[in-house]
Amino acid sequence: MANWKTVKPTEEAAKPKKEHMGCKKRWKFVLPLILVTAIAVGAAVWALPHLPLKPQTHNGASYQGVLELWNIESFEGGVGSRESWLRSRAVKFEQANNGLFVHITTLTEAQLADKLAQGDSFDMICFSRGAGASVQDKLAAITFDLGGTAENFVLSGQLKGVQYAAPLYAGVYCLFARDEMLSADRLVSEALTKTCTRKVGKTTVTLSPMICGFTAYNSPLTALALSGGHGEADISEQVTQYQAYEQFLDNRTAVTLLGTQRDMYRLSKREQDGRIDKLAFAPLAGYTDLVQYLGISAATENVQPCERFAQYLIGEESQSTLVNICMFSVCGGSYYTDERYALCEAALPSAYVPNVFGDGEAVARQRKAAIESLGM
């Protein structure tokens with residue numbers, strides 16, 4: 001009979017059994033956790049669609065966020081920064097609208113074209129003639145009350161009877177000459193005919209009748225034509241507004257300067273400081289294309305807060321502060337005490353204001369008509 005020997009399991013042989021038992025013990029704890037998590041996820045999936053929706057306030061008075069405003073400046077201002085004026089108004093507006101902010105970016109017309117080409121967007125945009133043609137198809141119709149805005153300015157912001165631009169502020173055209181060369185009462189009638197000779201060292205120079213500065217989309221000669229000017233002076237449209245001012249100051253080029261509110265500030269300051277001879281002055285405020293407007297994007301979801309900001313800018317509180325930058329209200333207010341500014345201010349509510357959405361061709365036709373009317 002065979003002898004069977006019982007062999008006791010070694011420690012190594014027993015080890016797998018211990019590990020197997022450990023796994024069973026861990027599953028006793030892990031499984032309940034998995035079940036609890038699954039139940040929680042399932043409850044969340046069921047509950048979320050049934051929760052009340054968060055109120056969408058971006059179109060309402062309680063909207064909190066940032067409104068993007070692009071500021072396009074196409075003509076000279078008065079004094080200081082028009083962007084700073086907008087910023088100061090935005091601060092006041094934000095103080096009365098907790099959690100609402102206006103972010104302002106000032107752009108050239110070229111920068112505006114680049115941003116539009118890249119697909120960038122705005123909530124609001126400030127612009128004048130020239131930029132108006134570039135953005136007109138991106139603007140929403142304006143339905144809010146334009147308050148006391150003068151009708152001539154209101155009409156200039158319309159297309160086919162629909163308001164797309166709210167006028168904000170205006171500039172003016174005016175004539176200057178040294179009083180010893182041409183007096184104020186003859187300034188308009190002789191602006192295009194009066195010449196003068198003067199000694200500069202050992203040289204005698206002849207000053208032509210008038211110099212005038214241009215931007216890409218303005219027509220200053222229209223202002224003179226509508227005021228009754230006439231003459232055959234040679235006017236170059238390549239001269240900028242600042243170049244015209246510098247040449248008039250130099251007193252070797254022209255007797256008369258057809259300038260803007262910016263020149264009125266610069267020259268009046270020099271006159272007061274005794275740095276230029278007494279000046280004759282005549283406003284040409286029966287016409288202006290130096291007007292800034294505000295439009296609201298047709299794509300923005302923040303229409304109502306944009307409208308509130310626009311209405312704030314054309315309100316009495318904001319319009320009265322335009323004197324700080326030597327610009328003029330579009331609402332016909334009387335804010336100036338200086339005689340020159342007051343004369344311009346009084347004339348603007350009845351001035352002819354061309355449509356802000358006129359393109360380059362419209363401006364060219366207008367310049368041609370002015371030249372023909374002046375007899376140049």
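Mentor: Contact here means heavy atoms within 4.5 Å. The model is a predicted one, and the contact definition applies to the discussion that follows.

Trainee: How many helices and strands does the protein have, and what percentage of its residues count as buried?

Mentor: The protein has 13 helices and 13 strands. Its accessible surface comes to about 19700 Å², with 54% of that belonging to carbon and sulfur atoms. Of the 376 residues, the share that counts as buried is 45%.

Trainee: In what order do the six strands of the open sheet run, and which strands stand at the edges?

Mentor: The pairing in this open sheet is mixed, and the order is S2-S1-S3-S12-S6-S13. An edge strand has a single partner strand, so one side of it is left without a neighbour in the sheet. The strands in that position are S2 and S13 (328–329).

Trainee: In which sense do S1 and S2 pair, parallel or antiparallel?

Mentor: Strands of a sheet pair through backbone hydrogen bonds, in either of two senses. For Glu68, the bridge partner in S2 is His103, and for Trp70 the partner in S2 is Thr105. Over eight bridges, the sense in which S1 and S2 pair is parallel.

Trainee: Which strands does H2 touch as it packs on the sheet, and what angle does its direction make with that of S2?

Mentor: H2 packs on the sheet by touching S1, S2, S3 and S6. Its direction and that of S2 make an angle of about 170 degrees.

Trainee: How many residues of S1 are buried?

Mentor: S1 is largely enclosed by the rest of the structure.

Trainee: What distance does helix H2 reach from its first C-alpha to its last?

Mentor: H2 covers residues 82–96, 15 residues in total. At 1.5 Å a residue, the expected value is 21 Å, and the model is close to it. The distance reached is 22 Å.

Trainee: Which residues of H2 are buried, and which helices are included in what covers them?

Mentor: The buried residues of H2 are Arg82, Trp85, Leu86, Arg89, Ala90, Phe93 and Glu94. Their cover includes strands S1 (65–72), S2 (100–107), S3 (124–127) and S6 (166–170). The helices included in that cover are H10 (303–313) and H11 (316–319).

Trainee: Which backbone nitrogen does a side-chain oxygen of Ser81 reach at the start of H2?

Mentor: The approach is to within 3.2 Å. The backbone nitrogen concerned is that of Glu83.

Trainee: Is Lys92 buried or partly exposed, and with which residues is it in contact beyond its neighbours within four places in sequence?

Mentor: Lys92 is found in helix H2, and at 41% relative accessibility it counts as partly exposed. Its C-alpha atom and that of Ser318, 226 residues apart along the chain, are separated by 9.5 Å. Leaving aside neighbours within four places in sequence, the contacts of Lys92 are Tyr312 and Glu317.

Trainee: Which backbone nitrogen does the side chain of Ser297 reach?

Mentor: Ser297 lies in the loop between strand S12 (291–296) and H10, and at 6% relative accessibility it counts as buried. Leaving aside neighbours within four places in sequence, Ser297 is in contact with Phe122, Asp123, Lys138 and Ala140. Its side chain reaches, at 3.0 Å, the backbone nitrogen of Ala299.

How values were computed
Residues are numbered from 1 along each chain as its sequence is written. This is a predicted model: local features need pLDDT of at least 70, side-chain atom pairs count only at pLDDT 80 or more; totals for chains, interfaces and linings use all residues. Side-chain values use heavy atoms; hydrogens and water are left out. Helices (H or I, at least four residues) and strands (E, at least two) are DSSP runs, numbered from the N terminus. The expected span of a helix is 1.5 Å times one less than its number of residues. Buried means under 20% relative accessible area, exposed over 50%, partly exposed in between (1.4 Å probe, protein chains only). A polar contact is a pair of N or O atoms within 3.5 Å; within protein, one must be able to donate a hydrogen and the other to accept it, and residues adjacent in sequence count only if both atoms are side-chain atoms. Two strands pair if DSSP finds at least two bridges between them. Axes are lines fitted to C-alpha atoms, for helices over the stretch in contact, and angles run from 0 to 180 degrees between N-to-C directions. Accessible areas come from the Shrake-Rupley method with a 1.4 Å probe; for residues, only the protein chains shown count as cover.
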